[in-house]
Amino acid sequence: MASSFNFVIGSAKFIFAPIERCLNCKRNFDENMKVLQKLLKELNTVKEVIELRLSAEIHGGTMQTEEVKNWLDDVQRIKTEIEIIERKAKEKKFLSRVFLGKMVEEKVVELKAFLRKGKAFLGMVKSFKYIIVGGGVAAGYAAREFDRQGLKPGQLAIISKEAVAPYERPTLSKGYLNPNPKAAARLPEFHVCVGSGGDRLLPDWYKEKGIQLILGTEIVKVNLALKTLVSAAGEIFKFQTLIIATGSTVIRLTDFQVEGADAKNMFYLRELEDADKLVESIKMKKYGKAVIIGGGYIGLEVAAAMSINDFDVTMVYPDPWCMPRLFTPTMAAFYESYYENKGIKIIKGTVSVGFNANANGEVKGVKLKDGRVLEADIVVVGVGARPLTALFKGQLEEDKGGIKTDGFFKTSMPGVYAVGDVATFPIKLYNEMRRVEHVDHARKSAKHAVKAIKANETETTIHYHRSQNLGLTGSKMERLLELSLKVGHLKKTRLLQKFQDSILHLRT
Ligand SMILES: Cc1cc2nc3c(=O)[nH]c(=O)nc-3n(C[C@H](O)[C@H](O)[C@H](O)COP(=O)(O)OP(=O)(O)OC[C@H]3O[C@@H](n4cnc5c(N)ncnc54)[C@H](O)[C@@H]3O)c2cc1C
């Protein structure tokens, strides 16, 4: 009896074992396919980041090797092989999965090794919760606001082309050009936020707060969909939230191929480096002749500075009066006569069409359209600026030459904000979109964007933690946020405060 029972059990095992193996195989196949699809997604991202970094290395670099090229070629091969497996699995449902199982298992191993190799090409990718690209006025004020709102060490990085921590840029055309070495403004004196009466944020402040100041680093490629930035040196930065604060760059006469505009001792003024070069030249050409091209605020300020530095100064501008966009003719007349009383000559209604240089390539004369030639040892050009938006072309909506934002400085891409000179935002007072190149706007927009980022994060949390006490839900808060958006830029600080206060209530 017992032996026949054992026989039955043995036979059953014999019959069911392969079925069980088949079932396990299928289970493994399904799980491995899921892993494969996840790895494939990761592979696409790594490939895109490698391609992004390659495109940033215009003049050759570490990525332009045969090995990287082969790796990229292999991506397509692997993708095609996975597609074939997927197709076969669909065609012959059950049995094929059993047979394909081994193949999928091997592919998972191969893909993991392949991905490791791809990631190794990229080196270390630095990831931050928040990145501010640009390290000027807006960046400094944004950093202070992040700190006020609550920031953990390592969450924020500021990436700046300039070699110094954020400073109050307007100083460059004022105190920085003071001829008295004891009175002249020099860093660290004018780091933000002294311009608005706040504390001076020295490089140590950023260190103490765990904010990474990545200086002397120019971002040359951006892929907002991948949340990736690539620097000129090929470093890769990943972010969750990005604040664009790249400001403006000067318009150069060389952009219009003005003859001789690349002569030595011709200056523009935007960054500390420009100001240092001008100061050096002022020392070299003491008591010389200076020609200032442009009658805007840079032209007027630099003309005054050159005059107190004992230069013989002539201003040239095409408009009928200085600062035409801001001054009425009467206001301009007051300033022009004040300048003339100080010995500054003003030539209006004409432009420079070329520059003469000596054998050393130093500027010696400014040729005017009306035929006159002005002697010059130094020329300072202040003919305007344009916002630095090129990095984001085609990735963000633009308006009036800037990056279009809403009243919270949020761009058309979720998680990406634009502040300062680059932002075109709604001004309720004029009921229109405007871009503003003012220091006060840079400070306030930065502060405002950070508050919005933080409020948004808190608001997201509320979706999951409803308050029974107040009966307010995430959706109600959303409506409050929408309402404050509609009210617009000028009134939003107060509304945002209310919004945040409500959130605080909810959390307590
Ligand atoms: C000489 C001068 C005097 C001024 N005086 C006045 C004044 O009296 N009153 C007033 O209201 N306004 C004044 N302004 C204008 C005011 O300074 C600007 O509106 C303000 O600085 C804008 O702040 P921002 O942060 O948007 O840009 P910025 O302060 O210009 O900062 C931009 C930063 O981004 C960096 N950057 C750009 N591209 C990249 C990149 N690809 N990668 C990394 N970093 C990048 C730049 O190097 C710079 O550090 C003056 C401007 C100048 C140049």
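Modeller: A term to begin with: two strands count as paired if DSSP finds at least two bridges between them. Keep in mind that this is a predicted model.

Colleague: Fine. In what order do the strands of the open sheet of four come?

Modeller: The order is 17-18-20-21, and the pairing in this open sheet is mixed.

Colleague: Which strands stand at the edges?

Modeller: Strand 17 (398-399) and strand 21 (432-435) do. Each has a single partner strand, so one side of each is left without a neighbour in the sheet.

Colleague: How many bridges join strand 17 to strand 18?

Modeller: Two bridges, with strand 17 and strand 18 (residues 402-404) running antiparallel. One place to look is Asp399, whose bridge partner in strand 18 is Gly402.

Colleague: Is Asn431 buried or exposed?

Modeller: Exposed: Asn431 has 8 other C-beta atoms within 10 Å, and the cut-off for exposed is 12 or fewer.

Colleague: What about Asn265, buried or exposed?

Modeller: Asn265 is buried, with 23 other C-beta atoms within 10 Å. Asn265 also has a positive phi, about 65°, without being a glycine. You will find Asn265 in the loop between strand 7 (248-250) and strand 8 (266-267).

Colleague: Now the hairpin. How do strand 4 and strand 5 pair?

Modeller: In the antiparallel sense, over four bridges, with strand 4 covering residues 219-223 and strand 5 covering residues 228-231. Lys221 stands opposite Val230 in strand 5.

Colleague: What happens in the turn of that hairpin?

Modeller: There are four residues between strand 4 and strand 5, and Lys227 takes a positive phi near 55° in this hairpin.

Colleague: Where does Pro188 lie?

Modeller: In the loop between strand 2 (156-159) and helix 5 (203-209). Cys193 lies in the loop between strand 2 and helix 5 as well.

Colleague: On to helix 8. How far does it reach from end to end?

Modeller: Helix 8 (residues 329-341) reaches 18 Å from its first C-alpha to its last, close to the 18 Å expected at 1.5 Å a residue.

Colleague: How many of its 13 residues are buried?

Modeller: One, so helix 8 is hardly covered, given that buried means 20 or more other C-beta atoms within 10 Å. Just after helix 8, Gly343 takes a positive phi of about 95°.

Colleague: Last, the ligand. Which residues come nearest?

Modeller: Of the 34 residues around the ligand, the nearest are Gly134, Gly136, Ala138, Gly247 and Gly420. Helix 4 (137-149) and helix 9 (439-464) are the elements that give two or more residues to that shell.

Colleague: What is the shell like by class?

Modeller: The shell has 15 nonpolar, 10 polar and nine charged residues.

Colleague: And where does the ligand lie relative to the domains?

Modeller: Domain 2 (127-166 + 201-249 + 388-459) and domain 3 (253-383) both give residues to the shell, so the ligand lies between them.

How values were computed
Residues numbered from 1 in each chain as written. Predicted model: local features only at pLDDT ≥ 70, side-chain atom pairs only at ≥ 80, totals over all residues. Near = placed C-beta within 6 Å. Nonpolar A, V, L, I, M, F, W, Y, C, P; charged D, E, K, R; others polar. Domains from an automatic or database assignment. Expected span 1.5 Å × (residues − 1).
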